[in-house]
Amino acid sequence: RKRAEMQRAVEVTTAMADAVKQIPAVLDDETLPPEERQVFMKLANKLSAQVATLNEQAQALDLSRFDDAMRDMTATCIACHTLFRDLSGPVPELNR
């Protein structure tokens, strides 16, 4: 069962990695002042790295590190959505 669940996690985190790459596209040149844009991009890059780590842990079948990586990634999501609530818009559905 663990292997099947982690394989599903690999699929989901792969889709998440593709979705995260689209985050910077919500900004145009005038959406945010430069300082806020820098914070936004820093969080987007952090999220991208965390999703990659999450995917690696799923591939390695390392549930405990996967859970830790999931908590870290979730904290980044919450921080960004809190700071940039007006930009967040709908979160894309992942195929389940």
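**Helix packing**

The axes of α2 and α3 come within 9 Å of each other and cross at roughly 160°. That makes α2 roughly antiparallel to α3. Some terms: helices (H or I, at least four residues) are DSSP runs, numbered from the N terminus. Axes are lines fitted to C-alpha atoms, for helices over the stretch in contact, with angles from 0 to 180 degrees between N-to-C directions. Angles over 145 degrees count as roughly antiparallel, under 35 as roughly parallel, 65 to 115 as roughly perpendicular, and the rest as oblique.

Before I go on, this is a predicted model: local features need pLDDT of at least 70, side-chain atom pairs count only at pLDDT 80 or more, and totals for chains, interfaces and linings use all residues. Residues are numbered from 1 along each chain as its sequence is written, and side-chain values use heavy atoms, with hydrogens and water left out.

The crossing of α2 and α3 is left-handed, meaning that the near helix is turned anticlockwise from the far one by less than a right angle; clockwise would be right-handed. Where the two helices meet, the α2 residues include Phe-40, Leu-43 and Leu-47, and the α3 residues include Phe-66, Met-70 and Met-73. Contact here is heavy atoms within 4.5 Å.

Now α1 and α2. Their axes come within 8 Å and cross at roughly 160°, and these helices are therefore roughly antiparallel to each other. This crossing, too, is left-handed. Among the α1 residues that meet α2 are Met-6, Val-10 and Val-20.

On α1 itself, residues 2–20, the 19 residues should span 27 Å at 1.5 Å a residue, and the end C-alpha atoms are 26 Å apart, which agrees. The expected span is 1.5 Å times one less than the number of residues. Met-6, Ala-9, Val-10, Thr-13, Met-16 and Val-20 of α1 are buried. They cover an arc of only 130° around the axis, which puts them on the same side of α1. Buried is under 20% relative accessible area, exposed over 50%, partly exposed in between (1.4 Å probe, protein chains only); the arc is that of the directions from the helix axis to the C-beta atoms. What covers these buried residues includes α2 (34–59) and α3 (63–83).

Is Gln-57 buried or exposed? Gln-57 is buried, at a relative accessible area of 13%. Not counting residues up to four places away in sequence, Gln-57 touches Met-6, Asp-62, Arg-65 and Phe-66.
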